[in-house]
Amino acid sequence: MSALTVDHSPANGHEWDDLVRIWQETDAPEGCKVEIIEGIVTVAPPPSNAHNDIADLVQRALYEVIPRHWGIYQTLGTAVPSRDGLYIPDLAVAPRQVLRDEGGNFIPAAAAELIVEITSKSNAAHDRIKKAAGYAQAGVPLYLLIDGWAPGGPTITLYGEPQREVYRVLDAGKFGELITLPEPFSLDLDTGEFAEN
């Protein structure tokens, strides 16, 4: 993973705009994920086949329960300017109208109904700590962390009820167990196939 830093001097009133400009102009190989995490533009390699397979399984389950006017997006930028963050979650569930109204390359993270992050070995700490705090601060109602690299073995944690930069754990388990997403999803997510990866 490589990183670029941006000068955050108090004299510059356009720090966020500068970060977004650098993010937009970053030339990364196709398939790489370019994000801004706490003011640092990062480039991560394309996800593994197992990572993509889990994303597909979750996406298929979600399509069965979401309203038609919502979409599930795999490369949607979600902005948290107050944390100097612009994340590209593995899955973002948001109303289609938000994308149409916003235009550009990203939406406010607060507009998402659910964010799903699947850890990779190289960036698991970002998903567990920095992005979780950013999504909570933005007020994203539900954050599903699928952590194949957790120290005690692969886990799934559903966070909700964001307060400032902290979520409450709503449900948690290991790969192979059911995780229940509350309304408006009302989904018992079977993670049995995750264990095959």
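Here are some notes on the packing inside this predicted model.

1. A bit of housekeeping: this is a predicted model, where local features need pLDDT of at least 70, side-chain atom pairs count only at pLDDT 80 or more, and totals for chains, interfaces and linings use all residues. Numbering runs from 1 along each chain as its sequence is written, and side-chain values use heavy atoms, with hydrogens and water left out.

2. Helices (H or I, at least four residues) and strands (E, at least two) are DSSP runs, numbered from the N terminus.

3. Now look at helix α1 (residues 15-25), where Trp-16, Leu-19, Val-20 and Trp-23 are buried. They sit on the same side of α1, because they cover an arc of only 95° around the axis, taken from the directions from the helix axis to the C-beta atoms.

4. Finally, Tyr-87, Tyr-135, Tyr-143, Tyr-159 and Tyr-167 form one aromatic cluster. Rings of Phe, Tyr and Trp (its six-membered ring) pair if their centres lie within 6.5 Å; planes under 30 degrees apart are stacked, over 60 edge-to-face, the rest tilted. Tyr-143 is buried, at 0% relative accessible area. Its ring and that of Tyr-167 are stacked, with centres 6.0 Å apart and planes at 25°.

Methods
Buried < 20%, exposed > 50% of the residue type's maximum accessible area, 1.4 Å probe, protein only.
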